[in-house]
Amino acid sequence: MGLTAAEWVGSAGVGLLLAAFFLNLAGRLEASSRAYAGMNAVGAAAATASAWMIGFLPFVVLEGTWCLVALWSLLRGPKEGR
């Protein structure tokens with residue numbers, strides 16, 4: 001049995017979120033970096049799309065919020081000097 005489009009999109013998004021998390025824990029990616037925010041934004045956007053595709057509204061809200069916060073972090077720039 002093959003994966004549906006929603007499963008592919010969701011798996012890619014969650015994979016990206018987990019990669020950012022583990023890279024941060026391993027000390028290879030700073031939580032304040034643009035790469036971390038970007039990985040979170042893209043991963044959460046994919047997870048949001050997947051949740052929307054399967055009609056699971058609680059995760060649309062959760063992942064959509066995660067995506068918006070990550071985008072805000074990405075657009076405001078690094079914390080240095082604050």
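1. A contact means heavy atoms within 4.5 Å. Among contacts in the chain between residues at least 6 apart in sequence, 49% join residues at least 24 apart.

2. This is a predicted model, in which local features need pLDDT of at least 70, side-chain atom pairs count only at pLDDT 80 or more, and totals for chains, interfaces and linings use all residues. Residues are numbered from 1 along each chain as its sequence is written, and side-chain values use heavy atoms, with hydrogens and water left out.

3. The chain holds three helices and zero strands; helices (H or I, at least four residues) and strands (E, at least two) are DSSP runs, numbered from the N terminus. The C-alpha trace spans about 50 × 25 × 15 Å along its principal axes.

4. Helix α2 covers residues 34-54. Its 21 residues should span 30 Å at 1.5 Å a residue, and its end C-alpha atoms are 30 Å apart, so the two values agree. The expected span is 1.5 Å times one less than the number of residues. Just after α2, Gly55 has a positive phi of about 75°.

5. Not counting residues up to four places away in sequence, Asn40 touches Leu17, Ala20, Trp66 and Ala70.

6. Of the 82 residues in the chain, 32% are buried.

Conventions. Buried < 20%, exposed > 50% of the residue type's maximum accessible area, 1.4 Å probe, protein only.
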